[in-house]
2 protein chains.
Amino acid sequence: MSLPTPFAQAFKGQRVLITGGLGFIGSNLARTLVKLGAQVTILDSLIPEYGGNRRNVHGLEKKLSINLSDVRDRHSLPEFLRGQHFLFNLAGQTSHMDSMSDPETDLEINCRAQLTLLEACRKHNPKLRVVFASTRQIYGRPDYLPVDEKHPLRPVDVNGINKLAGEEYHLLYSQVHGVPSTVLRLTNTIGPRMRVKDARQTFVGIWIRQILGGQPIEVWGGAQRRDFTYVDDAVEAFLLAATHPDAVGGVFNLGGVGQVSLRELAETLVEVAGEGSYRVRSFPADRRKIDIGDYYSDCRLIESTLGWKPRTTIKQALTKTLAYYRKELPNYL
Amino acid sequence: MSLPTPFAQAFKGQRVLITGGLGFIGSNLARTLVKLGAQVTILDSLIPEYGGNRRNVHGLEKKLSINLSDVRDRHSLPEFLRGQHFLFNLAGQTSHMDSMSDPETDLEINCRAQLTLLEACRKHNPKLRVVFASTRQIYGRPDYLPVDEKHPLRPVDVNGINKLAGEEYHLLYSQVHGVPSTVLRLTNTIGPRMRVKDARQTFVGIWIRQILGGQPIEVWGGAQRRDFTYVDDAVEAFLLAATHPDAVGGVFNLGGVGQVSLRELAETLVEVAGEGSYRVRSFPADRRKIDIGDYYSDCRLIESTLGWKPRTTIKQALTKTLAYYRKELPNYL
């Protein structure tokens, strides 16, 4: 990615902690931060069902510090936090279905551990600059499109409720305790280093695996319209949010260049791949109950406040992602 | 209280569980339910800092069942839930200040235990009719007055965030898992059996104690305007919410007859008591940070949907409350 001026120097020599740093977005962020001269420490639990993968930092093992640790385990938190300048807080349980079948695990990670982490910041490093990865899921089924930050918050699954609480804790600790935090509400993010073994992180992951494996892509529903942020654009938003003074205490949507139906997305993927096919299947009942229908975000607030906007089209994002997995797929299965 | 027709017969012979049933509202609810012929089981942990007090069910000990138990303790929940027809879910940590100094305890009670309880309902008694006591605190500082249910939810303390999550879990389990639940957002509730030992439950409690003890009432700030629901009116709302078919899956504000500044409230209390005085003090800094300013609610939705409205004026409420504590004060210190 090209690195815009605002934060090109801001991370040089700075100590940066990334929870979930072996995951999809966290590892892309870590790679960029290493390039920018930061001293990066990654916390990741590498739970097999989640997004962490050591391959995500391949080649950088000596340029950053990896610590196997789960955000639920509180005892080492003070030591991790002391002396850090930035915390990118990306560790989370992201599966909507899992949050319904095992709601308490989702609560422990997305809710309780976040509060513990913020308490530790307050006590041990209250000036730590925090950026929290939240999700469009907290809006629930949109009343209107595109969805801006003023849209009512009506999560439709346990994951959405707990992420909402996690987000609110960050804003509260920023406002009341002065721990300077920013919340980014991510939409679908795609790109190299996402989980492609299955659909647990994003359905686009399993699509990539299917098309590279010579299987038809399975599209559930197909009419739902969504937007997609390419991971390099998302990384840029995190870096801007961490360094821009107007970001403190703020909540910002990320978004994509345009939006497409899932059927159109599948068509584009087949076109970009130059091979493969897709088939449309009806939605499983348990998913339909918590599906939010169409969603795409209005991200004008972050553009006007921080100067960020998505730059990578869906076609470009799919092209780059496919190129990565054509080489790397065996390391992600 | 006079018992309106809609639920006069609905509880006869029905099994009713009340969490926090030795507390202020819970015990008033229990007393009415016993009169209506229900088989009432109370769960309460009697934590000294919270609202529970055995005196609250004085005289009824043989007409209902009291079980010392904390909602955080999950193992006995299935047994409590089996065979019940109604659950009035009032157990909670209610102190805003405590939620800031000990946020994880607040989370355990108001967030985690609620999810565990609902999971137990889903597994062991999915048709149980649930009414959850939520709070105006989840609105935060009002954008407009009076506050209706469409007002943005922006809690200003950990208690508000966790109560919001607790509320959302109830609505989700109602919608997705079919556990029929209703959420009532309570404003300040006052009346016999409230905690008067200190200001931990409501500042009106300590005012009652001060005036009966011959001390001046201490008014913090004084200009804030608030509404007050008399506890009998609140009990009626819970009973209606539990029995009205249009209440399932709904969220309703409670409110009071009119609204007053805290200074006016103190004047009224002194007038009703025929004795005493008040003095206005400036707000302590730690409270100011999480104070919400003026609040009073628009409760037209519950009036139009369920036919409930508050009937007891603030003056009547203070008169009845004072009369109770003139006799009962020693049992509440």
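User: In what order do the strands of the open sheet in chain A run?
Analyst: The order is 3-2-1-4-5-6-11, seven strands in all, with parallel pairing. Strands pair if DSSP finds at least two bridges between them. Strands here are DSSP runs (E, at least two residues), helices are H or I runs of at least four, and both are numbered from the N terminus. This is a predicted model, where local features need pLDDT of at least 70, side-chain atom pairs count only at pLDDT 80 or more, and totals for chains, interfaces and linings use all residues. Residues are numbered from 1 along each chain as its sequence is written, while chains are lettered from A and ligands numbered from 1 in the order in which they are written.

User: Which strands stand at the edges?
Analyst: Strand 3 (65-68) and strand 11 (251-253) of chain A. Each has a single partner strand, so one side of each has no neighbour in the sheet.

User: How many bridges join strand 1 and strand 4 of chain A?
Analyst: Four, in the parallel sense. A:Leu17 has A:Leu87 in strand 4 as its bridge partner.

User: Switching to helix 1 of chain A. Why is it called largely enclosed?
Analyst: Because ten of its twelve residues are buried. Buried means 20 or more other C-beta atoms within 10 Å of the residue's own; 12 or fewer is exposed, in between is partly exposed, and C-beta atoms are placed from the backbone. The buried ones include A:Phe24, A:Asn28 and A:Leu33.

User: What do they pack against?
Analyst: Strands 1, 2, 4, 5 and 7 of chain A, plus helix 7 (231-243). After helix 1 comes A:Gly37, with a positive phi near 90 degrees.

User: Now chain B. How many of its residues are in contact with chain A?
Analyst: 21, touching 20 residues of chain A. Contact means C-beta atoms, placed from the backbone, within 7 Å. Helix 4 (103-124) and helix 5 (158-177) of chain B each give two or more residues to that side.

User: At what angle do helix 4 and helix 5 of chain B pack?
Analyst: About 10 degrees, with axes 8 Å apart. Axes are lines fitted to C-alpha atoms, for helices over the stretch in contact, and angles run from 0 to 180 degrees between N-to-C directions. The two helices are therefore roughly parallel (under 35 degrees; over 145 is roughly antiparallel, 65 to 115 roughly perpendicular, the rest oblique).

User: Which residues make the contact?
Analyst: Among them are B:Leu107, B:Cys111 and B:Leu118 of helix 4, and B:Ala165, B:Tyr169 and B:Tyr173 of helix 5.

How values were computed
Contact = placed C-beta atoms within 7 Å.
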